[in-house]
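The following exercises ask the reader to work through a protein model, from its overall make-up to single residues. Each task is followed by a worked solution.

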Amino acid sequence: MKVMENYIGIDVCKDRLDVDGYPHSHKSSFTNDEAGRQALVETLAPLAPKGIVLEATGGLEFPVVCELARAGMQVFVVNPRQARDFAKAIGLLAKTDQIDAFALARFAEAVKPQPRALKSEELLDLEEVLTRRRQLVDMITAEKNRRTRVSLKTAKQIDEHIEWLERQVKHADTDMGDAIKKSPIWQAKSNLLKSIPGVGQVTVNTLLAELPELGQLNRREIAALVGICPFNNDSGGHRGKRRIWGGRASVRSVLYMATLVATRHNSVIQAFYQKLLEAGKMKKVALVACMRKLLTTMNAMVHNNTPWEAPAQT
């Protein structure tokens, strides 16, 4: 008699973990604290699920993933939009935590996602500091925008807040620099990437923290992962515009800014950009192509452990 493989879906909330399985249902709920996560592991271990799927929730899922992984279970963290689109496709239009858990179990059974290596504690710490720095920069921008529409008294208070935020950004930069210096591997990658004209420390820190796959994938895979790989939009005789979609928005943002600088100060990217413009490409299309070229160059440099080399002048 063939034993059916069972998959588990877990919907993660701040205070609760809702669980269900497919094809065999295992509806249950646990508190999202140390005791609840331990009870979850003890409940799932005897079931020996083929895989356990959770959605990425901005970090709330990490403690659960760690506990399950330590218990030797196969855990997958998937994109929430991908999971929700799947739920709609199979007719699960209602949305509750318990339905989401069931949809994740169905998704796991149908898609069978590939396991990915878990991030180390050091990498998560660096990513947390980087995220906090990004939040501080956003707050500075918001405060500067508010300053143009307030009285002198309020403007003075805003100026004081901006000064405090800028000091916190400097502290975050120091923390990121210290974290990189403690890791010989990160330091080596940092030195390689900073050798590229137009690539600054913020770009390097973002790549180290949020794109650990750099140097481990081929050029098409790394471009698709970041979200700068154009997708077709054709149907019959219609040929639509190719558009980029998905990927890691934070990495794409810093890569965009680095590419803007590179089109002015990096001879290779500048020549490539001008060539595309002369061929009639729109500026935005040319910039995305330059982003892809810059990223694949970084990927090759890290893979081969070779620094940037400017082309010989003829």
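**Exercise 1. Determine what the buried residues of helix α9 pack against.**

Solution. The model is a predicted one. The partners of the buried residues of α9 are α10 (249-265) and α12 (283-304). Helix α9 itself spans residues 219-226, and its buried members are I222, A223, L225 and V226. Viewed down the axis of α9, these buried residues fall within an arc of 160°, so they line one face of the helix.

At the start of α9, a side-chain oxygen of N218 comes to within 3.1 Å of the backbone nitrogen of R220. After α9 comes G227, which has a positive phi, near 100°.

**Exercise 2. Describe the overall composition of the protein.**

Solution. Begin with the secondary structure: there are 12 helices and seven strands. Next consider the dimensions: along the principal axes, the C-alpha atoms fill a box of roughly 75 × 60 × 45 Å. Then consider burial: of the 314 residues, 37% are buried. Finally, consider the contacts between residues at least 6 apart in sequence: 57% of these join residues at least 24 apart.

**Exercise 3. Classify the arrangement of α5 with α6, and of α7 with α12.**

Solution. Two packed helices are described by the angle between their axes and the distance between the axes.

- For α5 (residues 121-147) and α6 (residues 152-182), the axes come within 9 Å and the crossing angle is roughly 160°. An angle over 145 degrees counts as roughly antiparallel, and α5 and α6 are therefore roughly antiparallel to each other. The crossing of α5 past α6 is left-handed.
- For α7 (residues 184-194) and α12, the axes come within 10 Å and cross at roughly 135°. This angle makes α7 oblique to α12. Residues K189, L192 and L193 of α7 make the contact with M298, M301 and V302 of α12. The crossing of α7 past α12 is right-handed.

Helix α7 also contains A188. With a relative accessible area of 34%, A188 is partly exposed.

**Exercise 4. Decide whether N6 is buried or exposed, and identify its polar partner.**

Solution. First locate N6: the residue lies in the segment before β1 (7-12). Its relative accessibility is 8%, and the cut-off for burial is under 20%, so N6 counts as buried. The polar partner is H26, whose side chain makes a contact of 3.3 Å with the side chain of N6. Leaving aside residues up to four places away in sequence, N6 touches G21, Y22, P23, H24, H26, P49, K50 and G51.

Technical notes. Residues numbered from 1 in each chain as written. Predicted model: local features only at pLDDT ≥ 70, side-chain atom pairs only at ≥ 80, totals over all residues. Heavy atoms only, no water. Buried < 20%, exposed > 50% of the residue type's maximum accessible area, 1.4 Å probe, protein only. Helix = DSSP H or I, 4+ residues; strand = E, 2+ residues; numbered from the N terminus. Arc of directions from axis to C-beta. Contact = heavy atoms within 4.5 Å. Polar contact = N/O pair within 3.5 Å; in protein donor to acceptor, adjacent residues only side chain to side chain. Axes fitted to C-alpha atoms, helices over the stretch in contact; angles between N-to-C directions. Parallel < 35°, antiparallel > 145°, perpendicular 65-115°, else oblique. Left-handed = near helix turned anticlockwise from the far one by under 90°.
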